[in-house]
Amino acid sequence: MAKTQKNKATSYHLGQLRAKLAKLKRELIMPSGGGGGAGIGFDVARTGIASVGFVGFPSVGKSTLMSGLTGTTSEAAAYEFTTLTTVPGTMTVHGAKLQILDLPGIIEGAKDGKGRGRQVIAVARTCNLIFIVLDVCKPLKDKSILENELEGFGIRLNKRPPNIVVRKKDKGGITITNTVPLTHCDHDVVRAVLSEYKMSNADVAFRQDATVEDLIDVLEGNRIYIPCIYVLNKIDSITIEELDLLYRIPNSVPISSKMWLNIDELTERMWTELRLVRVYTKPSKQPPDYSQPVVLREGKCTVEDFANSIHKDIVSQFRIAMVYGASAKHPRGQRVGLDHVLQDEDVVTLYKR
Ligand SMILES: Nc1nc2c(ncn2[C@@H]2O[C@H](COP(=O)(O)OP(=O)(O)OP(=O)(O)O)[C@@H](O)[C@H]2O)c(=O)[nH]1
Ligand SMILES: [K+]
Ligand SMILES: [Mg+2]
């Protein structure tokens with residue numbers, strides 16, 4: 001692809017090549033012969049409302065951080081590959097119980113089967129947030145190596161699913177529409193990719209200035225979109241000037257897990273990225289119970305989700321709910337039904353029929 005000049009005449013050819021490559025890479029994520037693949041990770045009991053997985057090269061300080069955050073001891077030592085399996089721990093942030101997964105270190109080529117890399121990345125795929133842990137004394141190119149390993153396994157970091165709608169039809173050929181100008185690809189490339197996926201009748205609507213890779217991600221369909229924080233560890237061993245430079249790396253938090261520096265910022269960022277919604281129950285005619293929130297996930301936080309997470313029988317007896325807080329229209333509360341979407345720190349009273 002690098003040798004092919006990019007112009008109108010070659011774009012169909014380039015589109016074909018990219019699609020072929022994506023189909024080959026699919027073997028990595030879902031091997032047709034079974035064995036390995038996305039479903040195979042380490043066996044860990046999953047607890048808590050959300051999970052955070054630690055990915056990084058060996059000896060960057062993942063286990064030191066995990067032990068400090070959770071109080072669970074995950075062995076830490078100066079030699080590489082100290083951690084050989086997934087070590088789970090829990091920590092409570094703003095009343096929400098989170099599962100922290102300390103993972104073995106991975107190396108370049110992990111996704112292709114080096115070391116336990118495939119198992120590690122398979123666990124990362126199931127997490128709600130990934131910490132890419134980096135040692136600030138090591139070259140920054142480690143960051144892109146790790147990103148590349150996760151990308152190759154169908155994980156998309158800090159990205160939204162592309163806003164491209166592909167609708168298959170029985171006849172009528174290919175129709176491509178775009179509501180915004182496409183500066184990264186043209187209709188010829190799109191046609192080439194679709195033909196490589198054996199699609200000859202489809203409506204494709206681009207609602208963002210997407211790349212060919214975005215289109216392929218939509219067609220492959222097995223991509224997972226996970227937020228990621230770059231944890232820049234061991235800042236105790238650098239100068240203030242060097243630390244200043246690190247702060248320019250997007251989505252990063254510099255810390256020292258050994259000296260326990262800047263961990264509060266890391267915890268707050270973790271909380272923000274997880275987009276959890278705390279809802280407090282208020283029994284009728286009584287003050288709200290602020291001691292224990294019901295914690296819901298963004299996108300799954302209606303009154304119905306709230307009721308179900310208290311007890312599965314509530315919904316069948318539900319009449320109305322009173323909601324107070326950010327999601328309520330009025331400061332003195334709003335009467336709502338089961339489909340009302342709640343927001344963080346709302347207070348809810350449920351009324352039975
Ligand atoms: N200077 C410094 N050393 C650290 C820090 N955090 C961890 N270390 C040291 O780095 C070494 C590796 O720490 P681990 O926590 O075992 O690293 P890991 O990433 O879990 O390593 P593997 O399990 O082998 O992949 C140990 O000697 C730690 O004491 C830190 O913030 N600063
Ligand atoms: K180690
Ligand atoms: Mg470790």
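**Strand pairing and helix packing in a predicted model**

Reader: How many bridges join strand β12 to strand β13?
Author: Strand β12 (residues 276-281) and strand β13 (residues 294-297) run antiparallel; strands are DSSP runs of E of at least two residues, and helices runs of H or I of at least four, numbered from the N terminus. Two strands pair if DSSP finds at least two bridges between them. The model is predicted, with local features needing pLDDT of at least 70, side-chain atom pairs pLDDT 80 or more, and totals for chains, interfaces and linings using all residues. Residues are numbered from 1 along each chain as written, with chains lettered from A and ligands numbered from 1 in the order written. The number of bridges joining β12 to β13 is 4.

Reader: Are α5 and α6 roughly parallel or roughly antiparallel to each other?
Author: The axes, lines fitted to C-alpha atoms over the stretch in contact, with angles from 0 to 180 degrees between N-to-C directions, cross at roughly 30° for α5 (residues 187-196) and α6 (residues 212-220) and come within 11 Å. Angles under 35 degrees count as roughly parallel, over 145 as roughly antiparallel, 65 to 115 as roughly perpendicular and the rest as oblique. The two helices, α5 and α6, are therefore roughly parallel.

Reader: Which residues of α6 do V189, V190 and V193 meet?
Author: Contact requires C-beta atoms, placed from the backbone, within 7 Å. From α5, V189, V190 and V193 meet, in α6, V212, L215 and I216.

Technical notes: Contact = placed C-beta atoms within 7 Å.
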